[in-house]
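Work through the exercises below with the model open. Try each task before reading its solution.

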Amino acid sequence: MVGLGCISGDFEAYRGNFHAHTSYSDGQDEPQDAFDYARNVAGLDIMVVTDHLEQLYLVPPFGRWGACESQADAANAPGTFLADCGYEYGSGMALPACISTGHNNVLFPTTLFPAIQQDFHDFYATFSACPQCIGQFNHPGDESCQHWNQFEYDAVVDERMNLFEFNGDGPVWDMFFQALDAGWHVAPMNNQDNHSANWGTANDHRSGVFLSALTRDALHQALVERRTFMSTDRNATILSMAEGTCWMGSILTGYPSVDLSVHVEDPDGGDGFASLELFGPAKVLLASSDCAGAPSCDLDHTIAVTQATYAVARAVQTDGEVLVAAPVWAAP
């Protein structure tokens with residue numbers, strides 16, 4: 001069963017890029033170059049290199065997974081900069097109509113998964129056998145079959161398939177609610193999927209994570225608890241809380257109603273907010289606030305909990321940039 005309860009604590013927002021490639025698959029340069037660039041040029045707090053799983057096997061020289069891990073360890077500076085390696089699964093087949101049944105990032109693995117797996121069901125079986133791994137739905141809808149059989153639900157996989165990527169060309173906002181309504185407990189991310197040497201500067205997309213400290217252990221716990229947000233702005237923040245103390249990502253039970261509070265802010269002058277909205281199942285608008293261009297904005301709303309439900313906060317800035325917070329889930 002997906003972990004239940006109120007997530008409480010003191011956390012700080014950090015920003016990173018959790019999906020990027022190097023020459024170890026179909027990108028440029030080496031992981032050490034990506035870590036250096038992300039830290040010293042892009043100013044990111046977190047950089048995770050995720051080269052393609054099958055190419056880590058098939059592109060000589062072999063042993064690149066271990067080399068990535070070694071370079072990440074050398075670049076990792078707890079409290080200052082977090083560097084790590086994962087990989088992107090995308091080798092499933094659904095012939096004859098489609099080449100891929102969906103791509104997924106695997107974070108915190110200790111070994112490589114099999115190079116070729118028949119479809120996402122085989123991948124799910126392998127993923128479920130990795131208790132420390134955290135998974136991500138990558139760029140949903142980029143290809144016609146990249147929807148994991150319309151987000152077919154798997155309760156075991158849901159334990160750690162915690163992240164949902166908003167970057168890509170698919171209708172990701174709509175597909176986010178499709179996944180949530182199917183039962184997945186996923187939190188938003190916004191990465192760059194770099195294939196050039198521009199890790200962190202390809203655009204202003206950021207994955208925000210609320211951490212107790214800038215360490216790998218703290219990051220793992222945050223991703224287990226789904227304390228994330230996506231942003232198309234480089235340094236804006238969105239935070240959703242339940243009952244004053246329960247962080248977004250909480251899965252609450254036994255509440256007849258839940259008081260929600262949402263806060264957004266941007267430290268850059270001129271980067272104000274146009275609106276702040278709260279959505280429920282089926283993408284129904286629950287509440288909204290006119291932020292009138294202010295650099296920070298708040299929204300309070302109480303939801304009745306008569307059945308299993310959730311609430312997702314979204315902010316739109318005056319320049320069109322968007323932020324989405326992890327849901328708060330609740331059940332009677």
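**Exercise 1: an open sheet**

An open sheet of 4 strands runs in the order E11-E10-E13-E16, with antiparallel pairing. Strands are DSSP runs of E, at least two residues, and helices are runs of H or I, at least four, numbered from the N terminus. Two strands pair if DSSP finds at least two bridges between them. This is a predicted model: local features need pLDDT of at least 70, side-chain atom pairs count only at pLDDT 80 or more, and totals for chains, interfaces and linings use all residues. Residues are numbered from 1 along each chain as its sequence is written, and side-chain values use heavy atoms, leaving out hydrogens and water.

Task: which strands stand at the edges?

Solution. Strand E11 (246-247) and strand E16 (296-304) each have a single partner strand, so one side of each lacks a neighbour in the sheet. Next, take E11: 2 bridges join it to antiparallel E10 (residues 237-242). In one of these strands, E11, Cys 246 is the bridge partner of Ala 242.

**Exercise 2: Asn 105**

Task: is Asn 105 buried or exposed, and what does its side chain reach at 2.8 Å?

Solution. Start with location: Asn 105 is in strand E4 (residues 103-107). Its relative accessible area is 0%, so Asn 105 is buried (under 20%; exposed is over 50%, partly exposed in between; 1.4 Å probe, protein chains only). Its side chain reaches the backbone oxygen of Phe 18 at 2.8 Å.

Methods
A polar contact is a pair of N or O atoms within 3.5 Å; within protein, one must be able to donate a hydrogen and the other to accept it, and residues adjacent in sequence count only if both atoms are side-chain atoms.
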